[in-house]
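Please read the points below with the coordinates open beside you. They are set out as a colleague's note.

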Amino acid sequence: MSIKLDTANINTYLLVVCIWEDIVASDSAWRTLDEAINWVDTEAGLVYQTGFMLEKNDEYLILMDSFFTEGDIVGTMTRIPIETVRYIKKIPLPDVLKKGT
């Protein structure tokens, strides 16, 4: 059985890997002011995420986790503040998804 892939819109959005700095939250325990000041130095975790880039501007980056070309339906989206983005790189699409193949 042969499946025809509709790649008209998938080529509009780059598939990327993005590394961004996550927020850090404390637990609900009471702390002294000195403990709170030292907590500020807690290192944030890095999030490694892949997705189709819907939009990127001076304020944020929006990634779509999945993209269904039949009817242009998208899955989970993540809006990432641009100041937290540390790295973005395009992931090449497999030949079967490129226009004209």
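1. Helices and strands are DSSP runs numbered from the N terminus, a helix being H or I over at least four residues and a strand being E over at least two. On that basis T78 lies in strand β6, which covers residues 77-81. Residues are numbered from 1 along each chain as its sequence is written. The model is predicted, so that local features need pLDDT of at least 70 and side-chain atom pairs count only at pLDDT 80 or more, whereas totals for chains, interfaces and linings use all residues, and side-chain values use heavy atoms, with hydrogens and water left out.

2. Leaving aside residues up to four places away in sequence, T78 is in contact (heavy atoms within 4.5 Å) with W20, Q49, L61, I62, L63 and D65. The side chains of T78 and Q49 are also joined by a polar contact of 3.0 Å.

3. The chain holds one helix and seven strands, and their order from the N terminus is β-α-β-β-β-β-β-β. Among contacts in the chain with a separation of 6 or more, 62% are between residues 24 or more positions apart.

4. V74 belongs to strand β5, residues 73-74.

5. Of the chain's 101 residues, 25% count as buried. The accessible surface of the chain is about 7600 Å², and carbon and sulfur atoms own 56% of that surface.

Technical notes. Buried means under 20% relative accessible area, exposed over 50%, partly exposed in between (1.4 Å probe, protein chains only). Accessible areas come from the Shrake-Rupley method with a 1.4 Å probe; for residues, only the protein chains shown count as cover. A polar contact is a pair of N or O atoms within 3.5 Å; within protein, one must be able to donate a hydrogen and the other to accept it, and residues adjacent in sequence count only if both atoms are side-chain atoms.
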